[in-house]
Amino acid sequence: MAVDSGWRCYYHPDFLENSLEVIETILIHELYHLLRNHHTRRGSRDPLIWNIAADCEINDDLIEAGHSFKELDVPLPQKLGLPKGKLAEEYYEALTHQRGASKKFQSLTGRLQTSTTPFFYNSFARFQSLTGRLQTRAG
């Protein structure tokens, strides 16, 4: 599942096979990307690394608030050896330093780029391509 800067939501039909608890958490997660203005805060940063950083900003807050991703393998600061409670910009900076040296980071980005999870990170490049085509047609 993903959202774009036009507040449009994209999802794979398999997304709806999740429990209501997981669907709720992911919908809130995507809404937080919009409310926290992640689409404009990204600037010229690498989109994949920025998305991981923004997810870390959101996901640790959601878990602290009692939400659950259940069996989904989502980016969390603790999994990447980062402190909780930071902003996406701070996570991005730390992640770019880890980029070449960290096996954890390389493993995570590799999984995200080749993920078969149909509703969370399903082919980030295809999503970017789709939203780019939609924005080009709308403009």
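Predicted model: local features only at pLDDT ≥ 70, side-chain atom pairs only at ≥ 80, totals over all residues.

Reader: How far apart are the end C-alpha atoms of helix H3, and what span should its 18 residues have?
Author: H3 covers residues 47-64. At 1.5 Å a residue, and counting one less than the number of residues, its 18 residues should span 26 Å. The expected span agrees with the distance between the end C-alpha atoms, which is 26 Å.

Reader: Which residue has a side-chain oxygen within 3.0 Å of the backbone nitrogen of Leu48?
Author: The contact lies at the start of H3. The side-chain oxygen that reaches the backbone nitrogen of Leu48 belongs to Asp46.

Reader: How many of the 18 residues of H3 are buried?
Author: Buried here means under 20% relative accessible area. H3 is mostly covered, and the number of its residues that are buried is 14.

Reader: Is His33 buried or exposed?
Author: His33 sits in helix H1, residues 20-35. Its relative accessible area is 8%, and the cut-off for buried is under 20%. Therefore His33 counts as buried.

Reader: Is His38 buried or exposed?
Author: His38 belongs to helix H2, residues 38-41. Leaving aside neighbours within four places in sequence, its contacts include His33, Trp50 and Glu57. With a relative accessibility of 3%, His38 is classed as buried.

Reader: What is the phi of Gly66?
Author: Gly66 follows H3. The phi of Gly66 is positive, near 100°.

Definitions and conventions. Residues numbered from 1 in each chain as written. Heavy atoms only, no water. Helix = DSSP H or I, 4+ residues; strand = E, 2+ residues; numbered from the N terminus. Buried < 20%, exposed > 50% of the residue type's maximum accessible area, 1.4 Å probe, protein only. Polar contact = N/O pair within 3.5 Å; in protein donor to acceptor, adjacent residues only side chain to side chain. Contact = heavy atoms within 4.5 Å.
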